[in-house]
Amino acid sequence: MTLPLIIYRSLRQHALSTVITAGSIALASGLLMCVWMVKTQSQAAFTQTTTGFDAVLGARGSKLQLVLNAIFHLEASPGNLPYADYEMIKRHPAVKAAIPIAVGDNLRGYRLVGTLPELFQTVEYAPGKKYTLEAGGKIFDPDAKEAVAGSFAAERLGLKVGDTFHPFHGLVYDEKNQHAETYTVTGVLKPTNTPVDRVIWIPLHGLQTMSGHDPRAATDVSAVLLQLRAPTAGFMLDMLYNKQGNRLTLAYPVGAIIAELFQKISWFDQVLTLVAYLVALVAAGSVLASIYNSMSARQRDLAILRALGARRRTIFGAVVAEAACIGALGAVAGYAIYLALFAGVAGIIRTQTGVVLEVFAPHPVLWICPLAMIALCALGGVVPAFKAYRTPVAETLAPVS
Amino acid sequence: MLAVSDLLKSYPSPEGGRVEIVRVSAFGLAAGAQLALRGESGSGKTTFLNLIAGILAADSGRVAIDGTEMTALGEPRRDRLRAEKIGYIFQTFNLLQGYTVLENVVLGMSFGPGADRAHARDLLGRVGLGHRLDHFPRQLSTGQQQRVAVARALANRPKLVLADEPTGNLDHKHAGESLALIREVCRENGAALLLVSHDEGVLSQFEQRRDFAEINAAKGA
């Protein structure tokens with residue numbers, strides 16, 4: 001009990017500096033874990049979120065913009081393509097399924113996307129997982145002014161089966177741009193933890209012919225979501241549309257295109273990680289400074305302990321262990337910081353993209369980081385421990401008479 | 001119990017060279033004996049006790065405690081010997097201010113044969129502090145703090161108790177009581193007591209008394 005008692009009493013005697021130092025450790029640990037977890041999870045989530053499709057066909061333009069618009073329901077559409085293009089690719093022998101979508105309207109900021117009922121009836125958004133509706137709901141009639149709401153959009157907008165609404169023109173909500181049509185909610189999708197949750201789905205024809213839309217584009221679609229029969233089909237279609245053709249763009253494979261996005265913003269991720277490492281170093285330095293500065297005040301206590309028979313290595317070990325304890329306190333509190341930060345960031349990401357990040361998903365960083373912080377703090381305790389180790393007993397206790 | 005021979009301790013002088021503080025050719029104390037050393041301030045008696053306790057290294061000479069030559073031991077074993085066989089009552093008590101009364105005593109024991117909380121409680125009860133176990137030194141009177149220091153020094157049932165002006169901070173009444181307590185507990189434990197003081201009132205209570213100047217031949221002390 002000797003060592004724990006010495007450590008406990010020392011921490012109590014310097015309670016304020018203990019709390020402040022442990023707080024800085026907690027901040028560093030929480031920040032590091034949060035940066036790491038958000039980085040790895042968001043990268044994995046975005047690159048794996050294909051909602052069941054292998055490729056996207058759209059107007060000539062950026063593949064990334066096409067994927068962000070058609071799969072993640074972010075960004076503006078690069079343009080429309082004629083319905084004939086949809087019919088042609090649908091009949092292509094390499095294509096297993098083709099689902100057209102049309103965008104251009106919203107309901108109080110949540111996108112309205114026009115599509116066909118087949119999306120909900122035949123497509124698996126993840127292996128073995130098809131879209132299902134909450135009890136009492138049904139898929140919209142493709143010829144009626146009906147809507148199926150994604151779970152997140154329904155929750156945020158308070159939509160339920162039987163509710164009616166007027167769509168607003170454009171992707172950005174402007175209350176002055178309300179359409180005259182009245183849509184009735186016929187179903188609410190169960191959560192899929194994909195961008196689909198943030199969308200209100202209506203019949204393709206309904207969106208194409210919404211009042212105020214250009215009548216010349218009444219049959220155009222914004223993009224076609226594709227399931228291919230084999231990976232080689234993707235390269236064949238890539239050749240056909242991207243290299244030989246110059247009118248349309250095929251985004252394939254979806255995951256690799258999103259991975260490119262992460263590569264482009266990797267500098268930001270590196271800066272965040274560097275900041276977190278610096279915070280960790282500063283925190284370890286603060287442990288060193290905090291204990292070192294208190295050494296003058298503690299030298300008499302250390303000399304008394306030595307006079308009572310405590311060995312030098314006991315004193316050295318007590319100071320290093322005290323630093324490690326401060327690190328451990330900070331590491332534990334770091335989990336609270338991590339939870340708070342991660343919950344905030346994950347909430348923003350879900351609201352903006354529909355991608356769900358799991359705060360409790362197991363990852364080695366969740367134990368490596370706290371252990372590394374404790375080790376770093378123990379290392380920070382070595383310098384003051386060495387000073388304690390060298391405390392001259394007789395000179396400290398009383399002057400020579 | 002205690003045998004000192006050819007013990008020398010000196011310090012560097014500001015004028016150059018070295019100043020001798022302690023030079024004791026021969027000194028001994030039998031088991032259970034109680035001896036008072038008379039010495040004025042600056043005579044080197046605290047240094048002498050520190051050399052015996054092994055918390056100060058001698059330039060040369062021998063100090064043997066209960067048959068073990070302390071000066072021949074490495075520092076870790078010297079620390080161990082001090083923790084097991086020597087009880088030291090400091091003039092300024094040297095209590096750990098951040099620890100309770102009981103912890104002060106138990107911690108002293110833990111470096112020696114091992115912490116024995118029951119014995120520590122008994123001893124503190126014996127010195128009249130059984131009701132103050134969870135108090136901190138700053139919450140005690142000077143006399144009570146001195147009694148904690150006594151309990152701590154005796155907790156390991158040491159073979160040798162060193163007392164450096166143990167009543168120097170107490171009034172006449174409390175000094176007499178404390179001295180009687182130290183001597184009584186030493187007798188009960190069969191411990192040898194070596195006390196240094198310049199207070200004639202304290203010295204007069206000892207049957208065995210010596211002038212430190214008689215045994216310390218240091219030129220600079």
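A salt bridge here is a side-chain nitrogen of Lys or Arg sitting within 4 Å of a carboxyl oxygen of Asp or Glu. By that rule, four salt bridges cross the interface of chain B and chain A. One such pairing joins Arg306(A) to Asp79(B), with 2.9 Å between the closest N and O atoms. This is a predicted model, where local features need pLDDT of at least 70 and side-chain atom pairs pLDDT 80 or more, while totals for chains, interfaces and linings use all residues. Residues are numbered from 1 along each chain as its sequence is written, chains are lettered from A in the order in which they are written, and side-chain values use heavy atoms, with hydrogens and water left out.

Polar contacts (N or O atoms within 3.5 Å, one able to donate a hydrogen and the other to accept it; residues adjacent in sequence count only if both atoms are side-chain atoms) link 10 residue pairs between chain B and chain A, both residues at pLDDT 80 or more. On the side of chain B that touches chain A, α1 (45-53), α2 (75-85) and α3 (101-110) of chain B each give two or more residues (helices are DSSP runs of H or I, at least four residues, numbered from the N terminus). Of these, α2(B) gives the most, six residues.

As for contact (heavy atoms within 4.5 Å), chain B puts in 35 residues and chain A 24 residues.

Over in chain A, Glu322(A) lies in helix α11 (residues 312-353). Glu322(A) counts as buried because its relative accessibility is 4%, buried being under 20% relative accessible area (1.4 Å probe, protein chains only). Its side chain makes a polar contact with that of Arg298(A) at 2.3 Å.

Notes:
Buried means under 20% relative accessible area, exposed over 50%, partly exposed in between (1.4 Å probe, protein chains only).
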